Amino acid sequence: MSVVPANIESESLAVGSAEHRRLLGQFFLDTFVEYVPEQMPWPALTEEELTRLRGLPFWQEAVSTENVTSNTVAAAAALEADPLVRKAIELQGFEEMRHARLLVALTSHYRIPVESPPPFTPRSLESDFLFAGFGECFDSFFAFGLFALARESGFFPPALVKVFEPVMQEEARHILFFVNWVKYRRSQLSWWRRPLFRVRCASIILKQVASRVKTARTMGKPQPAGAGSGENFTLTAHQDVAADVTLHRLLQLCLAENERRMAEYDSRLDRPRLVPGIARLLFRVIPASV
Ligand SMILES: [Fe+2]
Ligand SMILES: [Fe+2]
């Protein structure tokens, strides 16, 4: 299904203009998809499929991440004076909470042991929202490839893929909204505050990159027993979903899936560029056998 209106023009809008603000909020509200996690048609799995699903080491980390993100995003709506943009952030908070509810429903249906963390309380609305948003730009990009891999390899049966498909598409929407919101937010600041905002964004991005580099350096090395996938699991979990997939193939899948998912939306919105750019560079320089 395409949600790109037939009559849109492809040129981008002036950042911070009334039309840009309207598009930012409206695209998000218009592309909302209704589903209720507690009413999902969980497919019956074979013993082998159940064992594989239960054996994935990242359920606890996924639950913790959704807890932090959902509470951070819900609180960040208070940053916005504009009712339409605020409504879009509130909706994103609702969707993140729904991801957390979906994980609760899945883990309890298939009896996967996870602990519910106490609700996360953000310390700084803007900094925490920026940190969560830039983190999602990395996590979602790799999740797109991981999900496609699980679908291709048959690791997840098609009925389970169908249940999680809306979540993946929502994450694409979230990062698309976020990168455009960052530009919009910057445009609303007085000229002398903009450089500081850029420096803050750059420092958060560097922290996120450093964290992924640290994770990537542990890939392929034996981990201590019970260590799980831990932080940045969307970067490492391909080893659990398809043991023989190369990093080269994973990057190719991530790039193709990112492109396909973003193509659903209004072309006047800026696409996330940093993470796909890094991935494209790595895809070019690393050998296909790696
Ligand atoms: Fe999420
Ligand atoms: Fe998200």
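Buried means under 20% relative accessible area, exposed means over 50%, and partly exposed lies in between (1.4 Å probe, protein chains only). The model on screen is predicted, so local features need pLDDT of at least 70 and side-chain atom pairs count only at pLDDT 80 or more, while totals for chains, interfaces and linings use all residues. Residues are numbered from 1 along each chain as its sequence is written, chains are lettered from A and ligands numbered from 1 in the order in which they are written, and side-chain values use heavy atoms, with hydrogens and water left out.

**Stop 1: the iron ions.** Select the iron ion (ligand 2). Its protein donors, lying 1.9 to 2.7 Å from it, come from Glu96, Glu136, Glu171 and His174. Donors are N, O and S atoms within 2.8 Å of the metal (3.2 Å for Na, K and Ca); water is not among the atoms, so sites may look incomplete. Glutamate 96 also bridges to the iron ion (ligand 1), and the two ions lie 3.5 Å apart.

**Stop 2: helix α6.** Select residues 158–188, where glutamate 171 and histidine 174 sit three residues apart, about one turn of the helix. Helices are DSSP runs (H or I, at least four residues), as are strands (E, at least two), numbered from the N terminus. Both glutamate 171 and histidine 174 are buried.

**Stop 3: a salt bridge.** Select lysine 183 and aspartate 270, whose closest N and O atoms are 2.7 Å apart in a salt bridge (a side-chain nitrogen of Lys or Arg within 4 Å of a carboxyl oxygen of Asp or Glu). Lysine 183 lies in helix α6 and aspartate 270 in the loop between α10 and α11, so the pair ties together parts 87 residues apart in sequence. Aspartate 270 is partly exposed, at 24% relative accessible area.
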